[in-house]
Every structure is written in structure tokens, then in C-alpha cells.
Amino acid sequence: MKGWQFLGSAILAAVLSGATSASAVAAKTAANAQVLHVLNRLGYGPRPGDIERVSALGVERYIQQQLWPETISEPTSLLSRLASLESQRMSSADLARTFGPPPGSKQPAARRSTAPASPDELEQAREAYRRRLSGVARQAMEARLLRAVESPRQLQEVMTDFWFNHFNVYANKGLTRLWVGSYEQEAIRPDALGRFSDLLAATARHPAMLFYLDNWQNTGPGTPGAQGRRLGLNENYARELLELHTLGVDGGYSQNDVTELARVFTGWGLCPAQRIASSGAFCFDASRHDPGDKVLLGLTIRGGGFEEGLQALDLLARHPATARRIAFKLAQAFVADAPPPALVGRLAARFDESAGDIRAVLATLFESPEFWNSRKLFGAKFKTPYRYVVSAVRATGMPLEQPLALTGPLTQLGMPLFGCQTPDGYKNTRTAWLSPEAMTRRLSFATILAAGRLPAVAAVDAAPADLAVAAEWPQLGVPLNPDALALVLGSPFSAKTRQILARSPSALRSALILGSPEMMSY
Amino acid sequence: MILPRRALIQAGLGSLVSLGTTGWAARVQAAPDRDRRLVVVFLRGALDGLSVVVPHGDGDYYRARPRLAVPRPGKPDGAIDLDGHFGLHPALDALLPLWRRGSLAFVHACGLPAPNRSHFDAQEVMESAAPGFKGAADGWMNRLLSVLPAVTAPVRAVHLGSTVPRILAGEEPVASLAPGRAATRGQPLDRPQVAAAFDALYSGSDPLSHAYREGRNARRVIQESLSATGEDDAASNGAPLPGGAFAGDARRLAQLMVHNPEVQLGFMALGGWDTHINQGTNQGQLALRLRALGQGLAAFATELGPLFERTAIAVISEFGRTVRENGNGGTDHGYGNVLWLAGGTVKGGKIYGGWPGLAADRLFEGRDLPVTTDFRSVIATVLERHLLLDGRRVQRVLPGFAAERVDVMYS
């Protein structure tokens with residue numbers, strides 16, 4: 001209840017200073033727009049006390065700190081919550097060893113369990129297995145939401161979400177469920193501000209990606225290891241690697257490049273059970289690798305086994321089309337849906353000359369006049385459902401005791417966590433998310449949250465928790481005090497919003513604040 | 001079978017005539033001739049059309065797919081013969097009555113005017129239907145809304161889901177129908193006091209206010225319609241209905257359309273067709289999805305009742321899949337596909353489109369079914385004959401498209 005104590009004292013302060021509701025709101029309208037801007041863009045918006053903290057620190061130092069997340073200590077309460085999530089401490093190989101392959105399957109993920117006797121028993125075993133895997137995926141969701149709401153390393157969380165979408169995997173595709181959390185932990189978060197080439201290399205050999213885009217089955221036709229279901233090429237990963245992860249669809253590659261790249265990645269797959277202990281979950285199977293030379297984007301890659309893949313990844317990471325694509329996506333995420341071309345050009349140049357150093361590119365972005373164009377571009381982005389939900393919960397200051405309670409609303413708003421089925425990941429533009437349905441559902445969510453409630457944890461596997469009847473939902477705190485809420489958010493309200501807040505029944509004001517146009521944008 | 005029924009519809013008679021051989025609720029009622037509807041079902045991820053309408057008369061099909069081909073009719077789990085050369089996937093048997101009644105047709109080797117093996121790019125082209133104008137701001141169904149006979153109603157186009165699909169993006173208002181039972185549940189925003197406060201907050205002319213008001217209007221209409229038709233599962237005594245979640249959603253959309261003559265357009269999307277591995281034949285992941293789709297479409301047609309006669313249902317997917325199976329029991333991204341059309345104005349019971357055959361030298365780039373019919377030809381035909389649009393309006397919906405037509409619809 002720490003957040004509530006804070007709110008209590010803020011209200012007290014407002015009362016002691018003689019501020020009325022309207023003037024308390026008005027007093028903060030002039031709050032430093034730049035402070036709000038960095039809290040909103042580098043992170044998921046202010047929690048209680050954030051505006052004061054960043055004001056004292058100064059926006060430039062705040063940005064520097066955020067660019068070096070390891071310099072920011074995380075609260076022990078968060079760390080102990082994370083530590084309680086057992087699967088978060090397990091590597092992909094640990095997970096494969098512990099959970100094994102699906103009952104009755106021929107998948108090489110880990111040791112073979114003894115085949116159950118009857119079809120019924122097999123089905124039961126499969127169901128139990130799916131439930132265990134869903135448990136792992138739920139812990140990954142808890143960890144993600146806890147960090148997003150409570151971690152002071154906000155930019156790292158924003159960038160983790162950014163790269164997760166860039167290198168998207170879908171949790172509900174088979175074994176991806178087992179590895180979605182370790183994927184984020186091993187392949188995404190460590191390099192979220194690091195080098196692009198490291199992200200590319202880590203995702204390329206992560207079991208979650210190998211499984212999701214089918215490369216674990218990609219096999220050189222006629223190779224000694226080609227047998228069973230693994231007889232020949234599978235283009236899925238190679239195509240998305242070119243189209244989504246690196247060059248982009250207009251990046252100048254052909255169908256022939258897709259096929260050649262698929263040949264390069266033959267044999268990149270999951271370890272057989274006996275090798276997991278020594279090799280981790282990724283194994284290169286030379287017996288299924290196409291040994292011939294390949295020609296990728298006009299360059300010959302000599303037949304050389306595993307090294308070919310590294311060469312190809314390196315070529316793609318350094319390609320100018322990749323630099324442009326990443327620059328565009330970063331500018332779109334941090335500045336505007338249609339980012340200024342000059343900025344994209346400068347970011348691409350920085351990407352190029354820094355050999356894909358993401359921190360360097362972001363530093364350039366945060367220093368750019370475009371990022372600081374308050375007149376045109378402050379508040380110009382429309383929040384995704386994820387950002388909306390996380391920022392609203394942050395603003396309340398409520399401790400996130402049941403992180404999974406947020407998964408139902410996210411699903412209903414069209415953005416289930418780890419639930420983007422297609423490899424392009426979730427978009428972050430207004431066109432993608434502003435819809436009539438989005439507005440009514442967000443406002444219903446805002447109304448419930450303002451009453452100090454969140455949906456019951458209940459059923460992530462069953463029907464998503466409904467945004468329907470507030471009275472059915474557990475009370476987690478007292479109804480939010482609107483004056484305190486306005487202070488937390490820095491009162492960014494327009495004259496119209498303030499006017500309507502002032503004349504609305506006080507019981508509705510917090511809902512109106514959380515559902516205000518100012519809260520929808522950032 | 002076909003002609004008498006058409007004659008009856010056109011004469012506005014036939015309400016006493018039962019046409020279904022299998023118990024469709026297909027009584028034809030006197031129909032206001034202009035009350036025509038269009039529903040598009042988009043199968044995202046590239047459906048393997050060669051498994052849906054199977055060229056069982058083509059030996060090359062069986063040579064290209066030793067493990068994935070649907071067996072010939074008459075063999076165990078074989079295709080259901082349609083015309084001696086093509087057969088329907090056995091998991092789609094729920095659609096057979098529609099075929100037999102002449103209300104279901106296919107256009108094979110159909111697709112985009114230019115090859116594009118990127119899901120996202122190809123969907124973009126198919127939904128904007130303005131090839132060469134990549135990034136055109138609106139979708140063709142939204143442009144269609146702008147040229148349909150004007151009705152003053154808050155809800156004229158409805159899609160399933162919470163985010164507006166590309167095909168419906170644009171100036172005209174579009175309503176969302178939430179999937180599952182959430183469609184009819186109450187929300188805090190339904191409370192008058194809460195609504196009044198937010199009405200004031202979103203009373204402007206900005207995009208958020210527009211979206212808000214459209215959302216409130218749509219919600220009112222949807223709530224009224226669906227509560228008027230009652231809980232759809234009641235009749236089944238709680239037993240799960242065939243077709244799963246999709247069928248339930250499709251039924252709700254149908255109820256909404258029956259109850260609201262102003263709902264002229266509907267859209268549903270289904271994912272999971274990107275079968276790079278373990279596609280299966282008569283069983284497996286593709287068959288499972290096709291079964292749910294077939295049952296869902298059949299449920300949709302049944303629920304439409306007499307309105308089915310005035311509705312055209314088009315099933316499309318961004319591209320087809322490789323003719324040859326890949327090395328993992330799956331298929332990769334291809335080109336030509338099959339387009340499905342159902343409804344009372346469809347000249348059904350027939351497979352349309354030039355069939356190039358599957359011989360190696362007929363394939364596009366040596367690997368894919370070519371496209372012999374631009375998908376826009378079919379759409380243009382539907383617009384012209386079913387929705388009764390003149391050439392100028394068709395041009396507005398499908399800019400820059402010359403007047404090719406496929407003789408697949410009555411008017």
C-alpha cells in the first residue's frame with residue numbers, strides 16, 4: 001500500500017497549501033513539459049513522485065541514466081518478486097531438460113519420456129503438459145508486467161518491448177510457449193541497448209525463434225541427415241529474416257536470395273536430448289546442412305558449415321537497408337508515426353558508423369531537435385493498448401500484486417501479451433490502434449481502475465477476464481483521489497479537459513483523468 | 001435447380017418454396033431488390049488453395065505432393081468430387097449443400113496482379129486494392145461504403161475484433177463486434193452517468209472524439225440487436241456448437257445483419273494458415289482449421305436465413321502456397337490461390353478461372369500456381385452485379401483497374 005500512502009500525503013499537501021481541486025489541477029499544468037516528455041517517451045509514463053525526481057535530476061542526466069540501465073538500482077521489492085518466479089531463473093536448456101518434449105512427439109527438444117499406453121492417456125498427458133508450459137509462459141508475463149510497471153529502468157523495458165516486437169515470436173505456437181520467457185531474458189533484454197548484430201545473432205539461434213519460424217526443421221535436401229519430416233528446405237525463417245528482421249520488404253532481395261539464405265541456415269536447430277547438457281538448447285546439425293556455396297545479395301558465401309550463417313547475419317546486420325529500416329522504426333517509436341525523413345537519415349548514418357550500436361543511435365535520437373519539437377510532436381503518439389494499460393497502472397501507484405490481472409484487458413484491447421501471431425510484431429502507430437472499439441474499452445478500463453479495482457486474476461487460459469461489471473472485481477485499493485492523480489501525471493490537461501473535470505461529479509473525476517485524451521497520447 | 005430459384009427471387013415469390021435439400025433455413029422471401037450485403041472473410045497467413053479445391057484430375061498435383069496431396073475421390077479420406085477434375089477438401093463437407101444448391105463457386109488460380117510473397121505486403125495490396133499505390137490510406141471496403149446507397153445509420157459496416165482491419169480503414173465509420181460473449185456484456189461506459197461525463201470529454205472534432213462517438217453508437221446498436229435475438233447458445237442446451245469460436249462469432253455477425261438492414265458490409269479474419277511444416281492432409285492442422293472454417297461459414301449462412309439470398313460472401317487469402325511440398329511436410333509462400341464465393345446471387349456449382357495446370361513448365365518461376373484471374377475482377381463483378389454499382393463507383397472502389405469481369409454472379 002505504499003503508493004496509497006504517497007497519494008495520501010500528496011492530497012494532504014494539496015490541502016495544507018490551501019489548494020482547491022481546480023487550482024491543484026491548474027497549479028501543475030505548467031509542470032515541466034520536457035520532464036513529462038522523457039518520462040512518457042523513454043518510459044511508460046510517471047509513477048507517483050517521478051516528476052519531482054526527474055525535475056530534481058534534470059532531463060539530460062535522466063536520459064543518460066536510462067541509457068545505462070545497470071547504473072540504476074532496482075528496488076528489492078521488485079527483485080524479490082522476480083526471484084520468486086522460478087522459471088525466470090532457468091535457461092532455455094534448463095527448461096528443455098525440465099519439461100521435455102510434448103508427450104508422444106518426435107521433437108528433439110529434450111529427453112524422450114516414456115510413451116503412455118492408450119490414446120486417452122496420451123491425450124491426458126498432452127493436456128497436462130500444455131498446462132505446465134502455460135504455467136511457464138504465465139511467469140514470463142508476470143515478469144514482463146512487473147518490470148514494465150515497477151522497474152526504474154524504464155528505457156530498458158521500452159526497448160525490450162520494441163525488440164521483442166521486431167523479432168516477434170508467438171507464445172501459443174507449440175513449444176514457443178516454453179521458451180517465450182527465456183527468449184526475452186536471453187536474446188532480447190541483455191542487448192536491448194547493445195549491438196544490433198548481437199540481437200540478430202542471439203535471436204537466430206534461440207530455440208523460441210528456431211521453433212516459431214520452423215528453422216529447426218530446415219534441412220539440406222539429400223544430406224546424410226535428411227530423414228523423416230526433415231527432408232528439405234524450409235524458407236520461413238530466411239524470408240522473415242530478410243523482410244522483417246533486417247533489410248525490409250523493399251530492401252532489394254529476390255526470391256532467389258530467400259532460397260539461398262534458407263540453404264545457409266540448414267541444420268540450425270534444436271539439440272537432441274543427449275546434447276542439451278553440453279551445448280545448451282541450440283545445436284548446429286552438420287549432417288543436415290547443405291554443403292554447397294551460396295550466393296546472397298550477389299556475394300558468394302563459400303560452403304563452410306555453421307560459419308556461413310554467421311557470415312550471412314553479419315552481411316545483413318551491416319547492410320545499409322537494415323540501417324535505414326532500424327532507424328525508421330526507432331524514429332517511429334520515439335518521435336512520430338511518420339518520422340521526419342531527415343532524422344531517419346541521421347539515425348541511419350549513426351547506426352552505420354557505430355556498427356549498429358543501439359545506445360549510440362538512441363543518444364543521437366534523444367539529442368535531436370525533432371525529439372524536442374514540443375510544438376509539433378509532444379503528445380503526438382497514440383498509446384498502444386500495452387502502453388495505455390501499463391501507464392495507467394503506473395499512474396495509480398498501486399502495487400502490482402497480481403500482474404496477470406492485466407492480461408485480460410490487454411487481450412480485450414486486441415493486444416494479448418506475447419500473443420501476436422504473425423512475425424511482424426505489434427505496431428505502435430495510431431492507425432493501428434485508434435478505433436471506436438478501442439476508445440469504449442479503454443474508457444471502461446479507466447473507470448474500473450479509477451474505482452481502485454482490477455479484474456480478478458482468474459483465467460489467462462480460460463476466457464479473458466471481462467471489462468464488464470466492476471462490482472464483480474476485487475477491490476485492490478480505495479477509489480483514486482483525482483487531485484493526487486492529476487499531480488502524479490503533471491496535470492497535462494487542456495482547458496477543455498480541466499473544465500469538464502471541474503464540473504463533473506467528484507466520484508467520476510479519476511475515471512475521466514485516466515480516460516482523458518491526454519492519457520491516450522504521449 | 002439454379003435457374004428456377006433465380007426466377008423466383010427476381011419475381012419476389014418463392015416464400016413457400018423450400019430449396020434446400022438438406023434442411024437449410026433457405027426460404028426465399030420477397031426481397032427489396034436493393035437490399036444487398038457483402039461479407040468478406042480474410043484467411044491471413046496464405047491458405048493452401050490447392051488443398052481446398054484439389055485438382056485431383058491433374059497427375060502433376062500428386063507428383064508434386066507425395067505426402068501432402070488430398071487423395072482422389074473414392075479413396076479413403078479422399079477429396080469430394082466437384083466437377084470431375086476438382087474436388088473439395090473432405091474437412092469442408094459442411095459446405096457441400098451450398099455447392100449442390102448452386103450457391104457456392106470457386107475461382108481458381110486467382111490472386112494479386114503482381115507476385116508478392118510477403119504476407120504483410122500482399123495483405124496490404126489485397127486490402128487497399130490499389131496496387132501501385134502502396135500506402136493508399138484507405139481500404140477498399142471503406143471506399144465501397146462511401147459509394148453504397150446512403151443510409152443514415154450509425155452502423156453500416158461491422159468487423160469482428162477490436163482493431164479496425166486495413167481493408168475497412170478510412171473515412172467512413174466502421175463498427176467492431178467483440179469476439180466471443182464479450183460482444184453482449186455490459187461495460188461501465190453503459191452507465192448513463194459515466195457515459196454523460198465522457199460524452200462531454202469527447203465532444204470535439206478530433207480523431208479520438210470521432211472514434212469515441214462511433215464506438216458509443218455502434219455499441220448501442222449491437223447491444224440492442226444481439227439482446228433482441230437472444231442468447232444464441234440457448235437452443236443448443238449449452239452443448240458446444242460445431243465450428244468453435246469462429247462459428248459463434250459468425251453467428252453473432254449474421255444476427256446483427258439480419259436485425260439491422262443498414263449493416264451492408266461485414267468482415268471477418270482468421271489466422272493460422274501459414275503451414276510451413278506439418279500441414280497434414282485429411283487430418284492435421286490445415287484440416288482442423290478448414291473444418292472449423294467450413295462449419296463456421298455454414299452456420300453463418302444458416303443464421304442469415306432468407307438474407308443469405310441477398311448476401312455475397314467472399315473468402316480471400318493473400319497468396320497461395322508452393323505447388324511442391326517443402327522438406328518438412330509443409331508448403332512455402334506461393335502465388336496463385338483459390339477465391340471462394342457464396343450467396344444467393346452467385347452462379348454456383350462451378351469452378352471459374354483459367355486453369356494453367358501444374359506441369360513444371362506452367363508454374364510461375366518454376367514453383368507456384370500462376371495467377372490467371374486478378375482478384376479484383378471478381379470483386380468488380382460482385383460490386384457491379386450484386387451490389388449494383390455503376391462503372392464510376394466501381395472505379396472509385398478499385399482505382400486504376402480495367403473492366404475485366406468474371407461471369408460468376410447474377411445481378
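Select helix 8 (residues 119-150) and helix 9 (residues 154-166) of chain A, which pack at about 140 degrees with their axes 8 Å apart; helices are DSSP runs of H or I of at least four residues, and strands runs of E of at least two, numbered from the N terminus. Axes are lines fitted to C-alpha atoms over the stretch in contact, with angles from 0 to 180 degrees between N-to-C directions. Helix 8 of chain A is therefore oblique to helix 9 of chain A (under 35 degrees is roughly parallel, over 145 roughly antiparallel, 65 to 115 roughly perpendicular, and the rest oblique).

This is a predicted model, in which local features need pLDDT of at least 70 and side-chain atom pairs pLDDT 80 or more, while totals for chains, interfaces and linings use all residues. Residues are numbered from 1 along each chain as its sequence is written, chains are lettered from A and ligands numbered from 1 in the order written, and side-chain values use heavy atoms, without hydrogens and water.

Next, display the side chains at this contact (heavy atoms within 4.5 Å). A:Arg144, A:Arg147 and A:Ala148 of helix 8 meet A:Gln154, A:Glu157, A:Thr160, A:Asp161 and A:Phe164 of helix 9.

Then select A:Cys271 and A:Cys283, which form a disulfide with sulfur atoms 2.0 Å apart (the cut-off is within 2.5 Å). A:Cys271 lies in the loop between strand 1 (268-270) and helix 15 (273-279) of chain A and A:Cys283 in strand 2 (residues 282-284), so the pair ties together parts 12 residues apart in sequence. A:Cys271 is buried at 1% relative accessibility, and A:Cys283 is buried at 5% (buried is under 20% relative accessible area, exposed over 50%, partly exposed in between, with a 1.4 Å probe and protein chains only).

Finally, select B:Cys110, which is buried at 4%.
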